[in-house]
Amino acid sequence: MTLAQKGRWTTGVGLVLLAAVYVRALAFTPVERLQGAAQKIFYLHVPAAIWTETAMVLVGVASIFFLFLKDSRLDSFAAASAEVGTAFATIVLTTGPIWGKPIWGTWWTWDARLTSTLFLFFLYIGYLLLRGAVLDPGVRARYSAVLGICGLCLVPFIHFSVYLFRTLHPMPIILKPSSPSLPGNMLATWLFSLAVFTILYVGFVMQRYALVRAREGAQHV
Amino acid sequence: MSDAVPQNAGYMVAAYIVAAVILAAYAASLYRRTKGL
């Protein structure tokens, strides 16, 4: 079985499990009293946000190693992770405002967390455009690696922006030094969703990586 | 102060549909691009 086929199977399993997350979140997880049903957006928004940031961290780490080792597989992985991160960032930037409207009374506000996440999305788009615009594979890989490292530097700023600035965005209730401030049933749903988003990330990256390697192989022929 | 739970399920449904569409569209795009591999 090829890597692309393994990726397709992994993605298929991830999508089936995503349906199970929907059933669990919508039918078997209690409604939060203050926010109402809109709070359940959290079960998709936060795992997508975690993988948006993690995907860029992996792009940056692969880019650093690429600049030292000059191994094209690292560049291919960075390209794959960036495209998948863009898909997850799109989920974050659409589900977030849909939650914000009923809870904050506005779709968008230019606070530090939201603005820096939007900047990360534009950085992802810029990264993909750069890869499409530069024809020479060596130059493309070097330029992309520099941009990927810039993205890596942005991620800690996004994560800690809620501590550094006064923002409307809620403080972390799970990824924080103390124990999660979430009832067990809700936490289980969130962890299930995070696991499914992890499977989807792996499945997507396997397919995208196989595609990048196949295209590079075709260019060298 | 009212103890009533806010009635905003429509926003939840919209967000779940949007996320499903994005993930399904991206999965379909990858499937189409990698079909021969």
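Glu216(A) and Arg213(A) sit 3 residues apart in helix H6 of chain A, about one turn of the helix; helices here are DSSP runs of H or I with at least four residues, strands are runs of E with at least two, and both are numbered from the N terminus. Their side chains meet in a salt bridge, at 3.3 Å from N to O, a salt bridge being a side-chain nitrogen of Lys or Arg within 4 Å of a carboxyl oxygen of Asp or Glu. Glu216(A) counts as buried because its relative accessibility is 11%, whereas Arg213(A), at 28%, counts as partly exposed. The labels work like this: buried means under 20% relative accessible area, exposed means over 50%, and partly exposed is in between, with a 1.4 Å probe and protein chains only.

All of this comes from a predicted model, in which local features need pLDDT of at least 70 and side-chain atom pairs count only at pLDDT 80 or more, while totals for chains, interfaces and linings use all residues. Residues are numbered from 1 along each chain as its sequence is written, chains are lettered from A and ligands numbered from 1 in the order in which they are written, and side-chain values use heavy atoms, with hydrogens and water left out.

Over all chains, the structure holds 5 salt bridges. Side chains of opposite charge can pair when their charged atoms come close. One of the bridges links Arg33(B) to Glu83(A), with the closest N and O atoms 2.8 Å apart. That pair crosses between chains, running from helix H1 of chain B (residues 9-33) to helix H3 of chain A (residues 72-104). Glu83(A) is buried, since its relative accessibility is 12%, and Arg33(B) is partly exposed at 24%. Another bridge joins the side chains of Asp71(A) and Arg73(A), again given from N to O, at 2.8 Å. Here Asp71(A) has a relative accessible area of 23% and so is partly exposed; Arg73(A) is partly exposed too, at 47%.

Lys70(A) has a positive phi of about 55° although it is not a glycine. This residue is placed in the loop between H2 and H3 of chain A, and with a relative accessible area of 52% it counts as exposed.

Now for the greasy part. The largest nonpolar core has 59 residues, and those touching the most other members are Phe88(A), Ile91(A), Phe197(A), Phe204(A) and Leu23(B). A nonpolar core is a set of buried Ala, Val, Leu, Ile, Met, Phe, Trp, Tyr and Cys residues joined through side-chain atoms within 4.5 Å. Two or more residues come from each of helix H1 (3-27), helix H2 (42-69), H3, helix H4 (112-133), helix H5 (137-164) and H6 of chain A, together with H1 of chain B. H3(A) gives the most, with 12 residues. Leaving out residues up to four places away in sequence, Leu23(B) touches Leu18(A), Phe88(A), Ile91(A), Phe197(A), Leu200(A) and Phe204(A); contact means heavy atoms within 4.5 Å.

Back in H6 of chain A (residues 184-220), there is also Ser193(A). At 0% relative accessibility, this serine counts as buried. Neighbours within four places in sequence aside, Ser193(A) is in contact with Val21(A), Tyr43(A), Leu44(A) and Pro47(A).

Chain B itself has 1 helix and 0 strands, and its C-alpha atoms fill a box of roughly 60 × 10 × 5 Å along the principal axes. Of its 37 residues, 30% count as buried.

The size of an interface is often given as the accessible area lost when the parts come together. Between chain B and chain A the buried area is about 2,700 Å², with carbon and sulfur atoms giving 75%; buried area is the accessible area (1.4 Å probe) that two parts lose on being put together, summed over both. On the chain B side, Tyr16(B), Leu23(B) and Leu37(B) lose the most area to chain A, together 27% of what that side buries. The contact takes in 23 residues from chain B and 44 residues from chain A. Between the two chains, the salt bridge count is 1.
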